[in-house]
Amino acid sequence: MEREARFRDQPALSTKHTDAPGAIRSARLASGSVVVSVDHFKRFLSGFRMIFGGEIRSYSSLIDRARREAVLRMKESQPDAHVYLNTRLETSTIASTTGNEGIGTIEVLAYGTAVHYDRVP
């Protein structure tokens, strides 16, 4: 929560352009990634949901947290930026299975252009 509050006034936008409050001093790539794994309990519960159908809420909350963390890490990579433009999120799954046992993880990568303005009102 404290980390998110620190970057509250620095938006991460999916647009490529915005109304600039001044001349652009610099623009740099900002990126952050996180890899998360599903614990055995969630994997066990999701097995029932896969049989009967429906949303797997425990996975949804896990992916939401991973996205938020990746965006925070992106912002921390260029903490003095005024805005992060063209922000994108990419996900990939990493699975290593042998028999019924296995490790399932997901990586979330957030990247965008960290823009620094000369003057901000």
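Which helix supplies the largest share of the lining of the second largest pocket?

## The second largest pocket

Helix 3 does, contributing six residues to that lining. The structure is a predicted model, in which local features need pLDDT of at least 70, side-chain atom pairs count only at pLDDT 80 or more, and totals for chains, interfaces and linings use all residues. Residues are numbered from 1 along each chain as its sequence is written, and side-chain values use heavy atoms, with hydrogens and water left out.

The second largest pocket holds about 180 Å³ of space, a volume being the space filled by probe spheres set on grid points that are joined across faces, edges and corners. On a 1 Å grid over the protein atoms alone, a pocket is an open set of points with protein on both sides within 12 Å along at least five of seven lines, whereas a cavity is a set where a 1.4 Å probe fits but cannot get out; lining residues have an atom within 4 Å of a point. Met1, Arg3, Glu4, Val34, Val36, Leu62, Arg65, Ala66, Arg68, Glu69 and Leu72 form the lining, and at least two residues come from each of helix 1 (2-6), strand 1 (24-37) and helix 3 (57-77). By class, six lining residues are nonpolar, five are charged and none is polar, where Ala, Val, Leu, Ile, Met, Phe, Trp, Tyr, Cys and Pro count as nonpolar, Asp, Glu, Lys and Arg as charged, and the others, Gly among them, as polar.

## The chain as a whole

Three helices and three strands make up the secondary structure of the chain, following the pattern α-β-α-α-β-β along the sequence; helices (H or I, at least four residues) and strands (E, at least two) are DSSP runs numbered from the N terminus. Of the 121 residues, 29% are buried, which stands for under 20% relative accessible area, with exposed meaning over 50% and partly exposed in between (1.4 Å probe, protein chains only).

The accessible surface of the chain comes to about 8,300 Å², with 53% of it belonging to carbon and sulfur atoms; such areas come from the Shrake-Rupley method with a 1.4 Å probe, and for residues only the protein chains shown count as cover. Among contacts (heavy atoms within 4.5 Å) between residues at least 6 apart in sequence, 79% join residues at least 24 apart.

## The loop between helix 1 and strand 1

Gln10 is found in this loop and is buried, with a relative accessible area of 13%. Leaving aside residues up to four places away in sequence, Gln10 touches Lys75, Pro79, Asp80, Ala81, His82 and Tyr84. The C-alpha atoms of Gln10 and Ala81 are separated by 7.2 Å, although the two are 71 residues apart along the chain, and a polar atom of the Gln10 side chain lies 2.5 Å from the backbone oxygen of Ala81.

Thr15 lies in the loop as well, but is partly exposed at a relative accessible area of 39%. Its side chain reaches the backbone oxygen of His17 at 3.3 Å. Beyond residues up to four places away in sequence, Thr15 touches Leu85 and Asn86.

Asn86 is found in strand 2 (residues 83-98) and is partly exposed, with a relative accessible area of 25%. Phi of Asn86 is near 55 degrees, a positive value in a residue other than glycine. Most residues other than glycine have a negative phi.

Ser26, in strand 1, counts as buried at 16% relative accessibility. Not counting residues up to four places away in sequence, Ser26 touches Ala114, Val115 and His116.

Notes:
A polar contact is a pair of N or O atoms within 3.5 Å; within protein, one must be able to donate a hydrogen and the other to accept it, and residues adjacent in sequence count only if both atoms are side-chain atoms.
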